[in-house]
2 protein chains.
Amino acid sequence: MEQPEEPRWLNSDEREAWLTLVGVMMKLPSALDAQLRRDAGLSHFEYMVLAGLSEAPDRTRRMSDLAGFTESGLPRLSQVVSRLEKRGWVRRSPDPTDGRITLAALTDDGWAKIVGTAPGHVQAVRTLVFDPLTKAQSRQLGSIGKRILSVLDPDDYCLRSADVEPGA
Amino acid sequence: MEQPEEPRWLNSDEREAWLTLVGVMMKLPSALDAQLRRDAGLSHFEYMVLAGLSEAPDRTRRMSDLAGFTESGLPRLSQVVSRLEKRGWVRRSPDPTDGRITLAALTDDGWAKIVGTAPGHVQAVRTLVFDPLTKAQSRQLGSIGKRILSVLDPDDYCLRSADVEPGA
DNA sequence: ACTATTTACTTCAACATTCAAGTACTTTCG
DNA sequence: CGAAAGTACTTGAATGTTGAAGTAAATAGT
């Protein structure tokens, strides 16, 4: 079941694009983490948790739902939410209608935290990602990302709108 | 020194592109790690170390040079190279001309390992990244990545050829 | 109604990564 | 020539993440 022909190596354009992409994947997360840690004392993962709650109705969400949103398993989420609870930004309570489910809710302090943190983070995303690109490139990035994500994980959260353009 | 106006929020195209990019950055590394671990018993980082040595003259490189290539600090590299040395794929020796420097060299077994592993990994990169894209998109991805990387780290390894196109 | 399986989450142990100190060597300067 | 400073790397402690077992509650079967 091996491919009988020699493998299709990357051509030089592809190879260059690949190495560049690896570089971006290595450095962009650290850069964003550093900004959040410096300006808000939050890891990127903690920020995602607070952001996920802030967008939800009643600022409340199930743990497993949050785990899906943040692309992480329940154990990791559980520990991080414990920390956020100790800091007073999140409160956990069992779902009255189903005792297995734990609901995580953003407190008022947590809401204030995310409201105070978001603008600086958005600015960082802008500076590092969109400002260096033309408008056309920003659109291309969206299309390219969706194409790749649809292979990586067709059920991903971001692809719910069924708009993976077939052309370019 | 705060921006007096309200922050420039991401517009809906940008927001969508951003969430997609986050998804790709979360999942692509794990997918590649999984392929290498399954097919070759290597982490992506270990693969990068072997690949970095395989491309070097005499298949030999300084530890600090390798650390730059793999975008990681010396402590991490030191431990990983220790493991690779125990498995017989790398050998370390002090530089005869400067006793502070440690040279890491790929053994024949290590060369055989990377030669046997590379085709499957390249195939995975192809399947996950380039096959879903048109040729035009592959080129766009290269340009976009270089633009972003040039802000993230202007001294990056990949940008040595001074070819960040100013147009699109 | 009572057990058995499934679901949702937490906790515990193994592992990897990061940061700070330590070691060995080289270069510089009095 | 000898002490001080700097460089390259390794080691060890603290932290965070992943995987496996454990708990608690709900559903399904008998």
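**The interface and the sheets**

Modeller: Across the interface of chain B and chain A, 12 residue pairs are in polar contact, both residues being at pLDDT 80 or more; a polar contact is a pair of N or O atoms within 3.5 Å, where within protein one must be able to donate a hydrogen and the other to accept it, and residues adjacent in sequence count only if both atoms are side-chain atoms. This is a predicted model, in which local features need pLDDT of at least 70, side-chain atom pairs count only at pLDDT 80 or more, and totals for chains, interfaces and linings use all residues. Side-chain values use heavy atoms, with hydrogens and water left out, residues are numbered from 1 along each chain as its sequence is written, and chains are lettered from A and ligands numbered from 1 in the order in which they are written.

Biologist: Which helix of chain B gives the largest share of the side that touches chain A?

Modeller: Helices here, like strands, are DSSP runs numbered from the N terminus (H or I, at least four residues, for helices; E, at least two, for strands). Helix H1 (12–40), H2, helix H5 (108–130) and helix H6 (135–152) of chain B each supply at least two residues of the side that touches chain A. The largest share, 19 residues, comes from H1(B).

Biologist: How many residues of that side of chain B are nonpolar?

Modeller: The classes are set by residue type: Ala, Val, Leu, Ile, Met, Phe, Trp, Tyr, Cys and Pro count as nonpolar, Asp, Glu, Lys and Arg as charged, and the others, Gly among them, as polar. The contact, meaning heavy atoms within 4.5 Å, takes 62 residues from chain B and 63 residues from chain A. On the side of chain B, 13 residues are polar and 16 charged, while the nonpolar ones number 33.

Biologist: What area is buried between chain B and chain A?

Modeller: Buried area is the accessible area (1.4 Å probe) that two parts lose on being put together, summed over both. Carbon and sulfur atoms give 70% of an area of about 6,000 Å². In chain B, the residues that lose the most area to chain A, together 11% of what that side buries, are Arg8(B), Trp18(B) and Lys27(B).

Biologist: Which residue of chain B forms a salt bridge with Glu55(A)?

Modeller: A salt bridge is a side-chain nitrogen of Lys or Arg within 4 Å of a carboxyl oxygen of Asp or Glu, and the count between chain B and chain A is 10. For Glu55(A), the closest N and O atoms are 3.5 Å apart, and the partner is Arg15(B).

Biologist: What is the strand order of the open sheet in chain B?

Modeller: Two strands pair if DSSP finds at least two bridges between them, and 6 bridges join E2(B) to strand E3 (residues 98–106) of chain B, which run antiparallel. Strand E1 (60–62) and strand E2 (90–95) of chain B are the edge strands, each pairing on one side only. The order of the 3 strands is E1-E3-E2.

Biologist: Which residue in E3(A) is the bridge partner of Arg92(A)?

Modeller: In chain A, E2(A) and E3(A) form a hairpin with 2 residues between them, and 6 bridges join these antiparallel strands. The bridge partner of Arg92(A) is Ala104(A).
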